Amino acid sequence: MTIQFLDEKKKTKESVSPSKLLFTGLDNAGKTTIIQGIQREFSKIAFLKPTRGAQRRIFEFMGREIAEWDLGGQISYRISYLKNPGKYFDDTEIAIYVIDIVDRVRLPEAISYLKDVVERFKKLEIAPPIYVFLHKYDPALRRNALNEMKNLEIEIKDKIKRTVDYKEIFYYTTSIYDLPSIIKAMSEILLSLYPKSELIEKTIIEFGKKTYSDGVVLLDDNSLIVGSYYKDEETKNLLTASTPYFLTLNDSFIFTEVQPGHQQEENHMIVQRYGKIFIFKQLTFKEGSSPYYILMLKQDTNINKDEIETFANLLKQILYS
Ligand SMILES: Nc1nc2c(ncn2[C@@H]2O[C@H](COP(=O)(O)OP(=O)(O)OP(=O)(O)O)[C@@H](O)[C@H]2O)c(=O)[nH]1
Ligand SMILES: [Mg+2]
C-alpha cells in the first residue's frame, strides 16, 4: 500500500516537470522567428541575429511548464551538439525541425543534419515525435507557384523518408507571413501533450452552443489555440485567421491605465463586419499567471456575461486542478 502510494507520488511529480520542446535545424531556417512570432514580438523579428548556442525559455501552456530549447544552427554549434548529445538532445519530448524550403541548395545539408539528430535520439534511447516545419512557405509562393511548391514538398518528404529511418515524423508548412499557419501547427503539437485537452474541448463546445455562437476559440498568451468550437468550415477559417490580430490589438492596450469606474466585465472588444460579430475578451484565472482569451463569432451582440463567468470558472478548475 505504502509503496504504491510512493509510486503514485513519484508519477505526479514527474508529470509536472517541464516538458522539453526542442527547436533545431540549420542556421537561417527561421527557428527564432517562429518562436518570437507566437509571442507576438514582431518588433524583434526584423532585427534577429543568428542564435548563439542553446537558448532556453520556460513558458506555461495550459497550466503546465514547457522548457523550450532554441538550438542556434550555425555549423560550429551543430558540431558541438552532436558531440554532446546528452547535454542538448536528452529528455526531448517534442522536436521541431525547421527547414528553409526556399534554400534548395542547402536542402541536402538540412536532411543530413536531421539524420544526425535522429541518430542521437536513438543513441539516447528516446523517441520523441519530430515535426518538420517546411518553413518560409510564404503566401506569395502559395499564390504564385503552388504546383512547384507542391512538387517540392513531395520531393522533400520523399528524400527524408529515404534517408532518415524514424517512425514519428510529421509535416507542417509554415510561414511567418502566415501567422495562423504557425499557430495552428504549434497548438496541435502542444495539445498532443495534454490529457486535459479533450475536456476543455467539450467545455468550449457546450459554451459555444449555450451562447448561440457560430464559433469560439480559447487562446493563451502565446497565441496558441487551447481549444475551439466551430459551426462550420467557413467559421473555422475566419476565426483561426483572425486570432493573432485580436491578440496584437489587445497588446496595444497594455499600457492603458484602467479608468476608475470601468468594471472588469466591460473589458472586451467587439468587431462587427458583414453581419458577423466578433467578441474578444481576456480571462484571468489566477493572479500572477498569464491570461487566456476567448474570441467568439456570433450573429448577435449579446456578450453573455453570465455564461462567460461560468465558463471561466469551469476552465479554471480544469486547468489548475
Ligand atoms: N520569407 C521568409 N523569411 C523568414 C521566415 N521566417 C524567418 N525568415 C527569415 O529568415 C532569417 C533567419 O531567421 P532566424 O529565425 O534568425 O533563423 P534561425 O533558424 O533562428 O537561425 P539560427 O539562430 O542561426 O539557427 C531571418 O532573416 C528571417 O527574417 C518566413 O516564414 N518567410
Ligand atoms: Mg535562431
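## The five-stranded sheet

In this predicted model, five strands line up as an open sheet in the order S8-S7-S11-S10-S9, with antiparallel pairing. Strands here are DSSP runs of E with at least two residues, helices are runs of H or I with at least four, and both are numbered from the N terminus; two strands pair if DSSP finds at least two bridges between them. Strand S8 (225-230) and S9 sit at the edges with a single partner strand each, so one side of each has no neighbour in the sheet. From one strand to the next, the twist averages 10 degrees.

Strand S9 (residues 268-273) and strand S10 (residues 276-283) are joined by six bridges in the antiparallel sense, and Arg273 stands opposite Lys276 in S10. Their hairpin has two residues between the strands, and Tyr274 takes a positive phi near 50 degrees there. S10 also pairs antiparallel with strand S11 (residues 292-298), over seven bridges; Lys281 has Ile294 in S11 as its bridge partner.

## The six-stranded sheet

There's another open sheet, with six strands in the order S2-S3-S1-S4-S5-S6 and mixed pairing. Its edge strands are strand S2 (54-61) and strand S6 (169-174), each pairing on one side only. The twist averages 20 degrees from one strand to the next. S2 runs antiparallel to strand S3 (residues 64-71), with eight bridges between them, and Phe61 stands opposite Arg64 in S3.

## Two helix pairs

Helix H9 (residues 179-191) packs on helix H11 (residues 233-251) at an angle of about 100 degrees, with axes 9 Å apart. Axes are lines fitted to C-alpha atoms, for helices over the stretch in contact, and angles run from 0 to 180 degrees between N-to-C directions. H9 and H11 are therefore roughly perpendicular (65 to 115 degrees; under 35 is roughly parallel, over 145 roughly antiparallel, and the rest oblique). From H9, the contact takes Leu179, Pro180, Ile183 and Lys184; from H11, Thr240, Ala241, Thr243 and Pro244. Contact means that C-beta atoms, placed from the backbone, lie within 7 Å. By class, that's five nonpolar, two polar and one charged residues.

Helix H10 (residues 197-210) and helix H12 (residues 305-320) pack at about 175 degrees, with their axes 11 Å apart, which makes H10 roughly antiparallel to H12. On the H10 side you'll find Leu199, Ile200, Thr203, Phe207 and Lys210, facing Glu307, Phe311, Leu314, Leu315 and Ile318 of H12. This contact has seven nonpolar, one polar and two charged residues. For these classes, Ala, Val, Leu, Ile, Met, Phe, Trp, Tyr, Cys and Pro count as nonpolar, Asp, Glu, Lys and Arg as charged, and the others, Gly among them, as polar.

## Around ligand 1

The shell around ligand 1 holds 21 residues, of which Asp27, Gly30, Pro50, Thr51 and Gly73 come nearest (a residue is near if its C-beta atom, placed from the backbone, lies within 6 Å). Split by class, the shell has six nonpolar, 11 polar and four charged residues. Helix H2 (residues 31-38) gives the most to it, with three residues.

## The whole chain

All told, the chain has 12 helices and 11 strands. Its C-alpha atoms fill a box of roughly 65 × 60 × 35 Å along the principal axes.

## Conventions

Residues are numbered from 1 along each chain as its sequence is written, while chains are lettered from A and ligands numbered from 1 in the order in which they are written. As the model is predicted, local features need pLDDT of at least 70 and side-chain atom pairs count only at pLDDT 80 or more, whereas totals for chains, interfaces and linings use all residues.

Technical notes: Two residues are in contact if their C-beta atoms, placed from the backbone, lie within 7 Å.
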